[in-house]
Amino acid sequence: MPSVHIIGGGVAGYTLARHLVQQNYPGSIKISDAQGLPYDRPPLSKSLQVEPFAPLSWYQQNNVGLIQEEVENLQLPQSAEDWLVLATGTTPKALDVSGGHLARSLHSAADAAFISDVLESGMFGQRVLVIGAGLVGAEFASTAKMSGAQVTLISSSAAPLAHVLGQELAEQLHADHANHGIATLSGAVTEVGPNHVVVDGQRHEAELIVATIGVEPETALAEQLGLSVADGILVDAQQRSPSNSQVLAIGDAARQENQPRAVHWESAMEDAAQAAATIMGTAAPKRSVPWFWSDRHEMHVETVGDFSKAARTVTRINRRGRIQTVFGLDADGTLVSASMIDGGLMAKAVRRLIEKSLTPSVDQLKDPTVGPRELGR
């Protein structure tokens, strides 16, 4: 009987199982994950919530085996009908300073439960230090502030995420933290203690210290199997490992050869769709223009496309004199990216324009009265 063994119960692993069920895969499907019931990761930093993708009954009704185990040893598939899929995700980067291990990470359901308990059981106004002001750090800082904590956000830059949001909007969003009662510090962390952090020689006290300085692909199992690894588990366009055609890798741990590694929710879902097509022998699904979102201070931030391809930017200012949207144009003047705050349908409109290689005039891009439906017409 053919089989698919998925290692990892994040969005990529669960989505692959769902696709296979929907396409009536004739073999057995099982998911191994030490954390048990697969759950979504974005709500961890946005609200400290654990949200399962589906109830246990879904797995039982669809004959998807769930194995709560820490997988340490694997064997390569011995049959052309069997598949091993590595959806191992990422691990938090270590804070490489004296006492760095004392800072809590926010990466798993256990992390979110621990931090939520500290915030709920602590005194109102307790001090929270967040090291790292990227997506997770900014989202958690907002959540902690709304819980009643005094929050200090430490960053090595005045414009965190400039490479994915564009410099202008990244600066505005980081400055906005102060408008919502969050103190921001720019500097290097050199020491962490049980209740303090030293930043550029200054000591800052706190009851809770959380480090959100990024993640690294989890490749230990792939390396153990002798698969090709370089900033992720290398795969081809079908998600196959070049080292073994019956081994697939998907999600944040995978990297397609000659491309940067994508660490986004939608990209993981598209990897899963491609893996399902490879297993079922069906046509490859179309990849969409990259897109991701973030929520902070009751603002919804979206980015479409790739700002690394932008040679210049065009900003759209709203009636309050604040940046509403930043559009990225490449060296030829072609629209390649955009980031926005509470953009509504704008993200969909920009994705459509990039897909069709259409670029509105600079005047249209700047004009806040030109809505998503009129843009490019």
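I began with serine 339. Leaving aside neighbours within four places in sequence, I found serine 339 in contact with Leu165, Leu169, Glu302, Thr303, Phe307, Gln324, Thr325 and Val326 (contact: heavy atoms within 4.5 Å). I placed serine 339 in strand β24, residues 335-341 (helices, H or I, at least four residues, and strands, E, at least two, are DSSP runs numbered from the N terminus). Its relative accessibility is 0%, so I noted serine 339 as buried (under 20% relative accessible area; exposed is over 50%, partly exposed in between; 1.4 Å probe, protein chains only). A polar atom of the serine 339 side chain lies 2.5 Å from the backbone oxygen of leucine 165.

The model is predicted: local features need pLDDT of at least 70, side-chain atom pairs count only at pLDDT 80 or more, and totals for chains, interfaces and linings use all residues. Residues are numbered from 1 along each chain as its sequence is written, and side-chain values use heavy atoms, with hydrogens and water left out.

Next, the rings. I counted six aromatic pairs (Phe, Tyr or Trp, its six-membered ring, with centres within 6.5 Å; planes under 30 degrees apart are stacked, over 60 edge-to-face, the rest tilted). Tryptophan 265 and tryptophan 293 have ring centres 5.6 Å apart and planes at 85°, so I logged the pair as edge-to-face. This pair links distant parts of the chain, 28 residues apart: tryptophan 265 is in helix α9 (residues 265-280) and tryptophan 293 in strand β20 (residues 291-296). Tryptophan 265 is partly exposed, at 28% relative accessibility. Ring pairs also join Tyr14, Phe53, Trp58 and Tyr59 into a cluster.

How values were computed
Polar contact = N/O pair within 3.5 Å; in protein donor to acceptor, adjacent residues only side chain to side chain.
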